[in-house]
Amino acid sequence: MRKAFTAVAIAAVAGLALPAQAMADPAAPPAPESVPIEFLASFAPAIIGAAAGPADVAGGPQQALLDQARAILNSPGIPPEIKATLEKVITFLDGSGGGGPAIPDENAPVIAQFLYPTLGKGCISATADSVGTALAVPGPAHLPPPGPAAGQAGFVFTALGTAPAVDDQPVPMTVTWVNIDNQRSATQNLTNASRINPDGPATLSAIADTGPGRVLSVISGSLTTQPEGADRITCSFLPTVGMFAVA
């Protein structure tokens with residue numbers, strides 16, 4: 001049952017993919033209304049857990065996800081939009097679709113937007129929530145500073161509408177990633193070291209040594225900001241999922 005829910009969750013988030021955008025323009029995507037963020041977020045650990053399963057399983061850990069996605073795809077009565085998203089998941093996981101993000105133009109970095117916006121309760125004020133957006137930048141690229149090299153990926157998380165992030169994040173925002181082709185994986189803290197959007201909204205980043213291959217990632221955790229003339233605010237964001245390829 002967990003595998004079935006995982007495949008459905010991946011299919012759902014794939015259908016909510018947002019177009020690539022410049023990192024300097026953190027426009028707020030709408031929170032998805034048809035699929036609750038809480039539902040998607042609850043399956044994010046299962047997605048990473050399934051992809052990072054034992055490497056000695058026949059066909060590799062991603063094969064179980066592929067088999068389940070194909071089984072759901074062939075079930076009677078599946079709506080056309082669900083079939084379309086399942087097909088996107090299958091082509092990402094089996095590599096037939098390339099898996100890489102589109103290139104906006106010759107001078108812009110390759111950006112893979114995470115698959116749905118997330119939500120932080122009380123992150124702007126006691127009565128105002130923040131929409132969080134996350135993206136990955138496969139290297140080589142110059143953003144986020146100091147820039148991911150070949151075989152690396154940069155991760156950026158922005159909490160829209162918030163005050164600047166503090167340097168000493170007491171409870172970290174983290175990215176957990178797994179390269180489903182080479183089985184590298186790690187959990188890393190996102191920090192304010194790159195000084196992206198120093199005047200707000202709060203933006204944290206990290207660079208990961210993923211190696212080349214297809215990467216599944218989850219960003220979640222807490223964020224602390226310092227509004228001008230007010231006490232610090234610490235709030236938590238639900239997990240959001242990213243899928244992209246590193247050359």
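**Terms and their grounds**

Mentor: Let us begin with a pair of side chains: those of R214 and D181 make a polar contact at 2.3 Å. The model is a predicted one.

Trainee: Where is R214 found, and why is R214 called buried?

Mentor: R214 is found in strand β8. Its relative accessible area is 10%, and buried means under 20%; R214 is therefore buried.

Trainee: What makes β2 and β3 a pair of strands?

Mentor: At least two bridges are needed for pairing. Strand β2 (residues 118-125) and β3 have four, in the antiparallel sense, so they qualify. A hairpin of two residues joins β2 to β3, and S125 stands opposite A128 in β3.

Trainee: Which residues touch the most other members of the largest nonpolar core?

Mentor: They are F155, L190 and I219, in a core of 25 residues. Among the elements that give two or more residues to this core are β3 (128-138), β4 (153-159) and β8 (213-225). Leaving aside residues up to four places away in sequence, L190 touches several residues, including F155, F157, M173, V175 and I219.

Trainee: Which residues does the second, separate core include?

Mentor: That core has eight residues, among them L216, V218, V241 and M243.

Technical notes: Residues numbered from 1 in each chain as written. Predicted model: local features only at pLDDT ≥ 70, side-chain atom pairs only at ≥ 80, totals over all residues. Heavy atoms only, no water. Core = buried A, V, L, I, M, F, W, Y, C linked by side-chain atoms within 4.5 Å. Buried < 20%, exposed > 50% of the residue type's maximum accessible area, 1.4 Å probe, protein only. Contact = heavy atoms within 4.5 Å. Polar contact = N/O pair within 3.5 Å; in protein donor to acceptor, adjacent residues only side chain to side chain.
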